[in-house]
Amino acid sequence: MKQWQLWVGLVILVLVGVRLVPLGLALSYQVRGGLLLEQVRQEILEQDVGQECQPVEVVSADASQRVKDAIEYLDSALKLNPALTQAYLLLGRAYCLLGDSQNAIRPYDTYANLRPSNPLGHLELGFAYQAYGDQKFAVAAWQAAGLSAQDFIDVGHSLVERQQFESAVVWYERALYAQPGLADAWYALGLVYQRQAQWQAAIEAYSAALEASVWQSIRVGDVYYRLGQVYQSAGEHQDIEKALAMYAAALDSDAFSLEAVRADVYYKRGELFTWLGRSPEECIAQFRQALLLDPGHFWAHLRLGQALYQASGEVE
């Protein structure tokens, strides 16, 4: 091989090295930053305090420092190779973990623009906008991710099943940001508050549902039924007359998602009639109607037997 060919080969190797070394170093920085973030995110998940754009001080004393170290690695990676799209996503997450939603928006937005078909970037960009207080842009980002208010409600339901009520409330509220006036989201919030004995909050949520303009799976009768439950047994908010009024409104609406709900309205009325000392005949009529709609209603069977015994000494 001629000497000039050797020189050309060496120049090519040098040029390739000049190009590849920074790219390799950039990738190394991205990996280091990503590993640090993943450690912190796993700690958050383990301690059940994970929430988008939530500061990490609640997790451990050194978590914030690890996130800051991750940011330095990711910034270094992007200086060497601005085309590392994953680094933008990781950088947005890092700022969110520090509670710095304002600085999280730009890298998330860059990632979403570089990978518009990936819903993850739009989704997390929406979380950052929400944490920053810009609900309009948050909703736009979630819509770009292809998400609907029902998707947020479904996540909330899954969290309720795991008894993560505070997190569920966040997702139900997101559903309302995505689709204001959605009765199903208000109703879901009311159920969570009712389950936690936050009676006033439950009343307000159910009342908002009644004023809502968009109805999907729930019906007006369902909401009046829940308000009746609250007024029937809500401690300082207990009001038997209001409870009866809510149950009457539920039946007048003639709109229930399930016949079992309609049946329980009749059962609850019979229960209240019993408390108020109404005639056994009035109570019997309510319990019988409940069983006509839901023959498997255990408590209606029991109360009907008690009412019949009280009326005539006989049990059906």
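Q: Over which residues does pLDDT stay under 50, and how many contacts does the model have there beyond four places in sequence?
A: In this predicted model, pLDDT stays under 50 over residues 4-18, and the model has two contacts for them beyond four places in sequence.

Q: Where else is the pLDDT below 50?
A: The pLDDT is also below 50 over residues 47-51. That stretch has ten contacts in the model beyond near neighbours in sequence.

Q: How do the axes of helix 7 and helix 8 cross?
A: Helix 7 covers residues 149-161 and helix 8 covers residues 165-178. Their axes come within 8 Å and cross at roughly 170°. Angles over 145 degrees count as roughly antiparallel, so helix 7 is roughly antiparallel to helix 8.

Q: Which residues make that contact?
A: On helix 7 they include Phe-152, Ile-153, Val-155 and Leu-159. On helix 8, Phe-165, Trp-171, Tyr-172 and Arg-174 are among them.

Q: What classes do the residues of this contact belong to?
A: The contact of helix 7 with helix 8 has twelve nonpolar residues, three polar ones and one charged one.

Q: Now Leu-89: where is it found?
A: Leu-89 lies in helix 3, which spans residues 85-97.

Q: Is Leu-89 buried or exposed?
A: Leu-89 has a relative accessible area of 2%. Buried means under 20%, so Leu-89 is buried.

Q: What does Leu-89 touch, leaving out residues up to four places away in sequence?
A: Leu-89 touches Tyr-108, Tyr-111, Leu-120 and Glu-124.

Q: How many residues separate Leu-89 and Leu-125 in sequence?
A: They are 36 residues apart in sequence, while their C-alpha atoms are 9.3 Å apart in space.

Q: What about Leu-304? Which helix is it in?
A: Leu-304 is in helix 15, residues 298-312. Leu-304 counts as buried, at 5% relative accessibility. The C-alpha atoms of Leu-304 and Ala-290 are separated by 9.8 Å, and the two residues are 14 residues apart along the chain.

Q: For the whole protein, what share of the residues is buried?
A: Of the 316 residues in the protein, 44% are buried. The accessible surface comes to about 16600 Å², and 54% of that belongs to carbon and sulfur atoms.

Methods: Residues numbered from 1 in each chain as written. Predicted model: local features only at pLDDT ≥ 70, side-chain atom pairs only at ≥ 80, totals over all residues. Heavy atoms only, no water. pLDDT = per-residue confidence, 0-100. Contact = heavy atoms within 4.5 Å. Axes fitted to C-alpha atoms, helices over the stretch in contact; angles between N-to-C directions. Helix = DSSP H or I, 4+ residues; strand = E, 2+ residues; numbered from the N terminus. Parallel < 35°, antiparallel > 145°, perpendicular 65-115°, else oblique. Nonpolar A, V, L, I, M, F, W, Y, C, P; charged D, E, K, R; others polar. Buried < 20%, exposed > 50% of the residue type's maximum accessible area, 1.4 Å probe, protein only. Areas by Shrake-Rupley, 256 points an atom, 1.4 Å probe, with all protein chains shown as cover.
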